[in-house]
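Dear colleague,

I am passing on a structure to you with this email, and I would be glad if you opened it before reading the notes that follow.

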Amino acid sequence: MGPGAAPPSPSPVLAVLLFSSLVLAPAQAIVVYTDREVHGAVGSRVTLHCSFWSSEWVSDDISFTWRYQPEGGRDAISIFHYAKGQPYIDEVGTFKERIQWVGDPRWKDGSIVIHNLDYSDNGTFTCDVKNPPDIVGKTSQVTLYVFEKVPTRYGVVLGAVIGAVLGGVLLLLLLFYLVRYCWLRRQAALQRRLSAMEKGKLHKAGKDSKRGRQARHFLPYLHPLAFWEPRA
């Protein structure tokens with residue numbers, strides 16, 4: 001580079017890295033959680049739960065946004081927004097008079113309730129949370145299915161079947177151990193009776209043997225006349 005030449009301008013890559021380090025570095029990834037799917041009956045209500053994890057304390061500028069994409073639709077519309085400590089329900093669409101805010105940012109809860117469900121409510125609901133400076137992260141989606149009567153979930157049926165089988169097995173084991181306990185107790189009682197009888201026989205035999213020995217020991221000292229009988 002010759003004298004008096006203008007210094008080279010910074011490369012675009014360096015500029016992008018510098019911008020990222022200054023602007024994006026403070027932001028952390030926020031994690032949002034919802035149910036995978038919820039079921040509701042026509043005319044009833046359903047709670048759409050939304051919670052989050054953030055590396056930052058809950059900010060006064062925290063915001064929750066709910067969007068709705070109808071079943072078979074392409075575009076999602078905003079139906080609810082919470083910011084600056086106030087809930088805002090969009091005044092357009094079918095949910096404007098049926099949404100209730102039940103969340104509490106202090107507990108990292110952004111849940112809402114939808115009242116008076118209808119078949120047209122079937123679709124996907126997306127919860128988006130911003131907790132400045134923690135604003136980068138993925139949203140979470142929950143699918144709503146509205147039925148005339150809420151069906152019994154497969155998991156509930158499977159759990160009931162498994163519970164019934166385990167209960168039957170435990171009952172059989174209990175009966176087995178109860179029968180075994182009664183049998184062992186009866187065998188022990190019978191064994192005690194036999195032992196008592198054997199001891200009684202041995203004790204009696206010992207007494208008879210002792211008496212026999214005493215008689216044999218006493219015979220030599222008897223006078224011969226004791227056994228003499230006079231003749232007729």
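Which cysteine does the disulfide join to cysteine 50? Please keep in mind, as you look, that this is a predicted model. The disulfide joins cysteine 50 to cysteine 127, with a distance from S to S of 1.9 Å, and the structure holds one disulfide. Cysteine 50 lies in strand β4 (residues 50–53) and cysteine 127 lies in strand β10 (residues 123–130), so the pair ties together parts that are 77 residues apart in sequence. The torsion about the S-S bond of these two cysteines is about -75 degrees, and the disulfide is therefore left-handed. Both cysteine 50 and cysteine 127 are buried, whereas cysteine 182 counts as partly exposed because its relative accessibility is 44%.

Finally, a word on the core. The largest nonpolar core has 26 residues, and those with the most contacts inside this core are Leu48, Trp66, Ile79, Phe80, Phe125 and Val129. If residues up to four places away in sequence are left out of the count, phenylalanine 80 touches several residues, among them Phe64, Trp66, Tyr88, Ile99, Trp101 and Ile112.

With best wishes

Note on methods
Residues numbered from 1 in each chain as written. Predicted model: local features only at pLDDT ≥ 70, side-chain atom pairs only at ≥ 80, totals over all residues. Heavy atoms only, no water. Disulfide = S-S within 2.5 Å. Helix = DSSP H or I, 4+ residues; strand = E, 2+ residues; numbered from the N terminus. Buried < 20%, exposed > 50% of the residue type's maximum accessible area, 1.4 Å probe, protein only. Core = buried A, V, L, I, M, F, W, Y, C linked by side-chain atoms within 4.5 Å. Contact = heavy atoms within 4.5 Å.
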